[in-house]
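Take a first walk through this model. Keep the sequence and the 3D view side by side.

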Amino acid sequence: MAGNPDHLFSLRNNFYLGSYQVAINNSDIPHLSADDAVERDCLVYRSYIALGSYQLVISEIDSSAATPLQAVKLLALYLSNPQDKESTVSSLKELLADPAIGNNAILRLIAGTVFMHEEDYNEALKHTNAGGTMELHALNVQIFIKIHRSDYAERQLRVMQQIDEDHTLTQLANAWLNLAVGGSKIQEAYLIFQDFSEKYPMTGLILNGKADAKDPETLANLVVCCLHLGKSSSRYLSQLKLAHPEHILVKRASSAEDSFERAVQSVA
């Protein structure tokens, strides 16, 4: 409602822009409603997940916690134990199938995130496409970019712009789409990240938008760019394998190498 203070504004903004430790350090916010307290806890635990502290999240969220927190715990379980992903996905589907809680926005957001990791984009969209929050709209933009449907991503962006053109997620989604479209749009994306860097503390997310050479997505982008330019990508791929062995590009490269090796052996 207009006039009501948004106590979680700074916390959300820090999380969206990748200032995860800042979000955690400044999460002791007084006078929160019960719903806001749950959202605050979700943002804090998602920040811990982003920092790789999966076990902390798993150990602190018990079975009596609210549905959004149960969903966040499942994300931590999914990311912490790649060998047991099927069990975690099964538990997630059970929550989604429960008519009493299946439409919860955080649960749908976590579902979209997990199924994006699984590269099951149709399943992800099944839970995110209805939107309902700015994060869900932003995740839809990411999914549509992943499946090379910039036209659908642009529609989602327009929805976000109609809700709040200046929202951090709207600006991020705009930058992501500009990067995906390429060409003259690259400069527009750079200017958005430049604006963030002038307004907020520098983060990996902002730096990657301006080409942070240590970010996994930057390394992946460098690999692809080298391939298109006919240059060696081995150094960047090696860096990516060492620092981020679970990255999708590493997995795809390993799968391709295995397939090639089997083909060679079959004709040897």
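Predicted model: local features only at pLDDT ≥ 70, side-chain atom pairs only at ≥ 80, totals over all residues.

Residues are numbered from 1 along each chain as its sequence is written, and side-chain values use heavy atoms, with hydrogens and water left out.

Start with α7 and α9. Helices here are DSSP runs (H or I, at least four residues), numbered from the N terminus. Two packed helices are described by the angle between their axes and the distance between the axes. The axes of α7 and α9 come within 10 Å and cross at roughly 20°. Each axis is a line fitted to C-alpha atoms over the stretch in contact, and angles run from 0 to 180 degrees between N-to-C directions. The two helices are therefore roughly parallel (angles under 35 degrees). The crossing of α7 with α9 is left-handed, which means that the near helix is turned anticlockwise from the far one by less than a right angle.

Which residues of α7 and α9 meet? From α7 come Ala105, Arg108, Leu109, Gly112, Thr113 and Met116; from α9 come Glu135, Leu136, Leu139, Gln142, Ile143 and Lys146. Contact means heavy atoms within 4.5 Å. The residues of this contact divide into 6 nonpolar, 3 polar and 3 charged. Asp, Glu, Lys and Arg count as charged; Ala, Val, Leu, Ile, Met, Phe, Trp, Tyr, Cys and Pro as nonpolar; the others, Gly among them, as polar.

Now look at the core. The largest nonpolar core has 55 residues, and Val72, Leu92 and Leu172 touch the most other members. Helix α7 gives the most to this core, with 8 residues. Such a core is a set of buried Ala, Val, Leu, Ile, Met, Phe, Trp, Tyr and Cys residues joined through side-chain atoms within 4.5 Å. Beyond four places in sequence, Leu172 is in contact with Tyr16, Leu17, Phe193, Phe196 and Leu205.

Thr67 lies in helix α5 (residues 67-80). Thr67 counts as buried, at 19% relative accessibility (buried is under 20%, exposed over 50%, partly exposed in between, with a 1.4 Å probe and protein chains only).

Finish with the loops. Most residues other than glycine have a negative phi. Glu119, between α7 and α8, has a positive phi near 60°. His148, between α9 and α10, also has a positive phi near 60°. Glu119 is partly exposed at 33%; His148 is exposed at 72%.

Conventions. Parallel < 35°, antiparallel > 145°, perpendicular 65-115°, else oblique.
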